[in-house]
Amino acid sequence: MELEKPIGHIVCEDVPTLKNMLPFVTKDDLRPAMQNIYFNSRLSATDSHKLFFKGHKSNLTEQILLDPTCCDLMDASDYEVWKNGQIIFLTDGLEVISFRRCEESFPEIDSVLPNSEDFEKELLVDRKLLISELKQAKIFTNSITHAVSIHVDRNWIKIQCEDL
């Protein structure tokens with residue numbers, strides 16, 4: 001079998017991140033693209049309720065949906081990524097991991113992500129006071145969800161909840 005072409009490398013520094021993303025991958029059979037980790041300009045995984053995204057140091061010329069089983073099999077090595085039709089191959093020189101390419105499209109997450117400058121803020125709080133206030137708010141929450149929202153402004157934090 002002759003491989004089509006290399007499509008890049010996954011560096012060993014990204015392997016632990018890939019393994020940390022596994023709990024964010026959906027188990028829903030109706031969403032096959034979201035059963036994978038999306039590898040483009042950043043790494044993304046979601047189950048529609050929670051989202052994990054992070055930049056990476058790897059170099060891929062194509063976007064791929066990485067099968068989570070492959071992440072379990074990867075060790076802390078650099079991997080060369082090849083494709084042959086519908087099959088993607090990862091090799092560290094000693095072992096080859098292969099999986100079928102998912103042709104589904106991953107959801108467009110850029111529209112729900114805030115701008116990068118929104119992440120450049122620092123919040124310093126008294127941890128014990130915040131925990132105490134959250135415990136007080138929990139008394140008034142829905143007994144099933146215990147949902148509490150926290151709104152942060154320049155000089156204050158607003159903790160809000162309601163029992164529906």
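1. Leaving aside neighbours within four places in sequence, which residues is Ile 37 in contact with? In this predicted model, the contacts of Ile 37 beyond that range are Leu 18, Met 21, Leu 22, Val 25, Ser 44, Ala 45, Ile 64, Leu 65, Leu 66 and Cys 71.

2. A second, separate core has 7 residues, among them Met 34, Tyr 38, Phe 106 and Ile 109. The largest nonpolar core comprises 24 residues, and the members that touch the most others are Leu 18, Ile 37, Leu 66 and Leu 90. In soluble globular proteins, nonpolar side chains tend to be buried together.

3. Strand S7 pairs with two strands. With S1 (residues 5–10) the pairing is antiparallel over 5 bridges, and Lys 83 of S7 is the bridge partner of Lys 5. With S8 (residues 87–91) the strands also run antiparallel, joined by 5 bridges; here Trp 82 has Phe 89 in S8 as its bridge partner.

4. S7 and S8 form a hairpin, with 2 residues between the strands. Gly 85, in the turn, has a positive phi of about 65 degrees.

5. Arg 101 belongs to the loop between strand S9 (96–100) and helix H3 (127–138). Its side chain makes a polar contact with the side chain of Glu 62, at 3.2 Å. Not counting residues up to four places away in sequence, Arg 101 touches Glu 62, Gln 63, Lys 83, Gly 85, Gln 86, Ile 87 and Ile 88.

Methods. Residues numbered from 1 in each chain as written. Predicted model: local features only at pLDDT ≥ 70, side-chain atom pairs only at ≥ 80, totals over all residues. Heavy atoms only, no water. Core = buried A, V, L, I, M, F, W, Y, C linked by side-chain atoms within 4.5 Å. Buried < 20%, exposed > 50% of the residue type's maximum accessible area, 1.4 Å probe, protein only. Contact = heavy atoms within 4.5 Å. Helix = DSSP H or I, 4+ residues; strand = E, 2+ residues; numbered from the N terminus. Polar contact = N/O pair within 3.5 Å; in protein donor to acceptor, adjacent residues only side chain to side chain. Pairing = 2+ DSSP bridges.
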